[in-house]
Amino acid sequence: MLGAGLLGLRETLRADTPAEPPQSPRQNENGRHHSPYGNKGTHSAAENTVGHERALPMATPDLADLPYELDGGLKVFHLVAEPVKRKIAPFKTIDAWGYNGSCPGPTIQVQQGDRVRVIFENRLPESTSLHWHGLEIPIEQDGVPYISQKPVAPGEKYVYEFTVHQEGTFFYHAHSAMQEMMGLIGFFVAHPEIDYKPRVHHDYGLILQEWAVLPSNTIPNTASMEFNWLTFNGVSAPMTTPLLARLGSRVRLRILNLGMDHHPVHLHGHQFVITGTEGGRAPESTWYPMNTVLVGVAQARVVEFEAKYPGAWMIHCHLPHHMMNSMMDLLRDRQIQTADQTEEKAVGQMMSLAKSVPFEHVHPSPVAANAGKVPGFPQDAFMEMGMDEVVEKPETYGLPKNWSAGMMGMMTMVRVLPEKEYEDIIARKKAAGGQMEHHHES
Ligand SMILES: [Cu+2]
């Protein structure tokens, strides 16, 4: 089962962006689009997308899809809760909890109307359960310890089975507060029987999480309110894999939040509309233009926009402290020192980090000769950490040199690319093929 599962993961990782994306948005709208996802062996969400009115599967960058097997008409998934080592930044790996070796867990995608069975196994050191957030299912399937079921003890299995009559962006998670903060969450997307209009050409999912991990520690402090690591799909910028969109295409972004804070997620250079919530699709009469959406705890917000302008456009939480990574690890056991800082000392700090993770340290942006005499200095000076080579992947190809110095914390970008450049990166992704897992694994 594990072997088949891994195979399935590999297949679905490639599905990150369609192997043969629609030739042009128009062609897709005409309904000529057929699923590019040929699946052998295990099935994935793509299996049911052949019909021309069926939705594209969502891609979850830096995470895999959960494959399933068919038992008659029933889709059978296997989920294992277990401790997971997750590399959230090139120089920071944490001990989180997740599912099937992944934190957040792999993405489950089904069709509205599907009958679903999830064979769940608990390999955590304590009892847990699985809650299906937002799904209208019988109380026995609700996954709340003591209320709707006996907690699943370590080493035990439990089978959930239900019919998904809804469409929308849902999630699965442990229904125990501290376990949620250890990372036990994943997407559960139910695609509509007939695709939403207007149709989109790219569909991406982002899970927002926050972590309190002290310097030289690897275990999140789930009782702390001082979060120093902020992640999209389990990685901090600049490790987040950029989203790709063809110029002129329509893009859907599903943003899900499970943590202690609400995150105002901002998109640069474009306006979007909220087309759905954790409760399903929103009627078009409710759509209005905006570019920052507040994604509250336990909420999902689905936004859509026309990728009209070429460029690398940021998508990020706009809370200032969420636009940074922990700077504390720079000096291992000490917080970064910026008071009485000289340029020489600042560069020295960066170099000490560069020794442990080889990256080309680009000299920080210039400061004034009298900087030290100006009250308040320094603020962002000395904070840049360009590490382009360390986080290089096909999706970063062609970005301006030292781009990674501008990426920290809860940030990613959507790269709106003209046809030729888009195809070039897709070709590079294909060529990278088997090496792709390297970037996605913890
Ligand atoms: Cu935030």
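## Basis and enclosed strand

Buried means under 20% relative accessible area, exposed over 50%, and partly exposed in between, with a 1.4 Å probe and protein chains only. Helices (H or I, at least four residues) and strands (E, at least two) are DSSP runs, numbered from the N terminus. The model is predicted: local features need pLDDT of at least 70, side-chain atom pairs count only at pLDDT 80 or more, and totals for chains, interfaces and linings use all residues. Residues are numbered from 1 along each chain as its sequence is written, and side-chain values use heavy atoms, with hydrogens and water left out.

Strand S18 (residues 300–306) is largely enclosed by the rest of the structure, because six of its seven residues are buried. Two strands count as paired if DSSP finds at least two bridges between them. Strand S13 (residues 250–257) runs antiparallel to S18 and is joined to S18 by seven bridges; Arg250 has Glu306 in S18 as its bridge partner. Strand S15 (residues 273–277) is also antiparallel to S18, with four bridges, and Val273 stands opposite Glu304 in S18.

## Copper site

Donors are N, O and S atoms within 2.8 Å of the metal (3.2 Å for Na, K and Ca); water is not among the atoms, so sites may look incomplete. The copper ion is coordinated by ND1 of His263, SG of Cys317 and ND1 of His322, at 2.0 to 2.1 Å. The spacing of these donor residues in sequence is H-x53-C-x4-H.

Cys317 has 0% relative accessibility and therefore counts as buried. His322 counts as buried because its relative accessibility is 6%.

## Aromatic pairs

Rings of Phe, Tyr and Trp (its six-membered ring) pair if their centres lie within 6.5 Å; planes under 30 degrees apart count as stacked, over 60 as edge-to-face and the rest as tilted. The structure holds ten aromatic pairs. One of them joins Tyr99 and Tyr172, with ring centres 5.2 Å apart and planes at 70°, so the pair is edge-to-face. Tyr99 lies in strand S3 (residues 92–99) and Tyr172 in strand S8 (residues 168–173), so this pair ties together parts that are 73 residues apart in sequence. Tyr99 and Tyr172 are both buried.

Trp132 and Tyr160 form another edge-to-face pair, at 5.8 Å centre to centre and 70° between the planes. This pair links distant parts of the chain, with Trp132 in strand S6 (residues 131–133) and Tyr160 in strand S7 (residues 157–163), 28 residues apart. Trp132 and Tyr160 are both buried. One aromatic cluster is formed by Tyr99, Phe120, Trp132, Tyr158, Tyr160, Phe162, Tyr172 and Phe188.

A charge sits over a ring if NZ of Lys or CZ of Arg is within 6 Å of the ring centre and within 35 degrees of the ring normal. Arg428 lies over the face of Tyr397, at 3.4 Å from the ring centre.

## Five-stranded sheet

An open sheet of five strands has the order S12-S20-S19-S14-S17, with mixed pairing. Its edge strands, each pairing on one side only, are S12 (243–246) and S17 (292–295). From one strand to the next the twist averages 20°; axes are lines fitted to C-alpha atoms, for helices over the stretch in contact, and angles run from 0 to 180 degrees between N-to-C directions.

S12 and strand S20 (residues 411–417) run parallel and are joined by four bridges. Ala245 stands opposite Val416 in S20. Helix H5 (residues 419–432) packs on the sheet, touching S12 and S20, and its direction makes about 140° with that of S12. Contact here means heavy atoms within 4.5 Å.
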